[in-house]
Amino acid sequence: MATWNTSNIPDQSGKLAVVTGATGGLGLDTALGLAGAGAEVILAGRSAAKGRDAETLIRDHRPDAKVRFELLDLASLTSIAAFADRMLAAARPIDILINNAGVMAPRERATTADGFEMQFGTNYLGHFALTARLLRLLTAAKARVVQLSSIAHRSGKIRLDDLNHERGYEAWQVYSQSKLAMLMFAIELDRRSKAKGWGLTSAAAHPGFARTDLIANGPAIGGSAFVPSVINLTVGLLGHSAAAGALPTLMAATMPGVMGGQYFGPRGWMEAKGPPGPARIEPQALDAGVATNLWASSERLTGVAF
C-alpha cells in the first residue's frame with residue numbers, strides 16, 4: 001500500500017464513472033487515472049470550454065480514452081436535476097461516482113442559485129442531491145461512491161440551526177463545515193445502503209495539501225487573499241501535486257477490498273502529503289445523531305429523497 005499509484009488501479013474496462021469538477025485540478029487528475037485504466041468517464045462541470053480542453057488533455061495521454069463532457073453546475077438544483085435526467089434517460093448503470101467539485105473559502109458570503117450559502121450548497125448539498133437523483137443507476141451497478149472531504153473537517157462543526165451560515169459568516173469555518181458534512185455523508189450513506197440493501201460501497205477521501213484550482217483561485221485568509229507566490233512556496237514545502245492529491249480518491253474508487261465508511265488520504269506528516277492510505281476520522285464525523293439530522297435537513301432543503 002505504501003507505493004500505491006495509478007499503475008495499481010485494476011482494469012476498469014466496461015465501467016462508467018462520473019467525476020464532478022473534472023475539468024481541472026484534482027477532478028481532472030482523477031478522471032485521467034480512471035480513463036487510463038479503461039473506464040468510460042463523464043467529465044461533469046460548469047464550463048464546456050474547459051470540458052473540451054480536459055477531453056483533449058486526457059486523449060493526449062490515452063488516445064483511445066472514452067471521455068465526454070456533460071454540463072453540471074453543483075450550485076444549481078435545476079442543473080443537477082437536468083444532468084440526472086439525462087443520465088436516467090440513457091439508463092446506463094453508473095459504476096463509480098466521485099463527488100469532487102468544490103469551492104474554497106470565498107472572502108465574502110455568496111449564495112447559490114437556490115439561495116444556499118455557496119460553499120455548503122456547492123460542496124455538500126449539490127452532491128447530496130446529485131447522489132439521490134442518481135441512486136437508481138448507482139444501485140444497479142452496486143457502485144463505488146466517493147465523497148471528497150478535507151483535513152479541514154477536523155475543525156468543522158455542523159451548525160444544524162444555521163447550516164447556511166446566515167449569521168456570522170466566516171469563510172474557513174463554513175468550508176470546514178462543508179467538508180465535515182461530506183465525510184458524514186459518506187458514512188451515513190454507507191449505513192443506509194447496508195440497512196436498505198442498496199449494495200453501494202460508500203467511502204471518502206481527501207487530497208492533503210494539494211496544488212489545485214481551489215488553492216490557485218485564492219481562498220480568504222484573515223480577510224485578504226493569498227498571494228500566489230506565497231501559495232506556491234507553502235505548497236512546495238508542505239504539499240504535493242494535484243496528481244498526488246488525486247491518489248487517495250482513486251484508491252477509494254478502485255482498490256479491491258475497500259469497505260463502506262472508509263476514509264483515505266495521504267499518510268505523511270499531518271496527512272498533508274505522502275502515499276495514499278487510511279486517513280484519520282475526527283469524532284464529530286462519527287456522530288450518528290447529527291448525521292441523521294443533517295440528512296433530514298438536506299432532504300428538506302434540496303427537495304430530494306433517497
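**Ground rules**

I am working with a predicted model, where local features need pLDDT of at least 70, side-chain atom pairs count only at pLDDT 80 or more, and totals for chains, interfaces and linings use all residues. I number residues from 1 along each chain as its sequence is written, and side-chain values use heavy atoms, with hydrogens and water left out.

**Val174**

I placed Val174 in helix H6; helices (H or I, at least four residues) and strands (E, at least two) are DSSP runs, numbered from the N terminus. I then listed its contacts, meaning heavy atoms within 4.5 Å. Leaving aside neighbours within four places in sequence, Val174 is in contact with Glu117, Gln119, His165 and Tyr169. I also checked Val174 against Met259: they are 85 residues apart in sequence and 29 Å apart in space, C-alpha to C-alpha.

**Overall build**

I counted 11 helices and 10 strands in the protein. The radius of gyration is taken over C-alpha atoms, and the globule rule is 2.2 Å times the number of residues to the power 0.38. For 306 residues a compact globule would come out near 19 Å, and the protein has 18 Å, which agrees. Its C-alpha atoms fill a box of roughly 50 × 45 × 35 Å along the principal axes. I noted that 56% of the 306 residues count as buried. Among contacts between residues at least 6 apart in sequence, 76% join residues at least 24 apart.

**Cores**

I looked up the nonpolar cores next, each a set of buried Ala, Val, Leu, Ile, Met, Phe, Trp, Tyr and Cys residues joined through side-chain atoms within 4.5 Å. The largest has 50 residues, and Phe83, Tyr124, Leu134, Leu138 and Leu200 have the most contacts inside it. H6 gives the most to this core, with 9 residues. Which residues does Leu134 touch, not counting those up to four places away in sequence? I found Phe83, Ala84, Met87, Ile94 and Leu97. A second, separate core has 32 residues, including Trp4, Leu34, Val146 and Ala253.

**Salt bridges**

I found 14 salt bridges in the structure, each a side-chain nitrogen of Lys or Arg within 4 Å of a carboxyl oxygen of Asp or Glu. Arg92 pairs with Glu40, with the closest N and O atoms 2.8 Å apart. This pair links distant parts of the chain: Arg92 sits in the loop between H3 and strand E4 (96-99), Glu40 in strand E2, 52 residues apart. I read Arg92 as partly exposed, at 30% relative accessible area.

Glu55 and Arg59 also meet in a salt bridge, at 3.1 Å from N to O. They are separated by about one helical turn because they are 4 residues apart in helix H2 (residues 48-61). Glu55 counts as buried at 17% relative accessibility, while Arg59 is partly exposed at 32%.

**Surface**

I put Met270 in the loop between strand E9 (263-266) and strand E10 (276-278), and Met270 counts as partly exposed at 48% relative accessibility.

Note on methods. Buried < 20%, exposed > 50% of the residue type's maximum accessible area, 1.4 Å probe, protein only.
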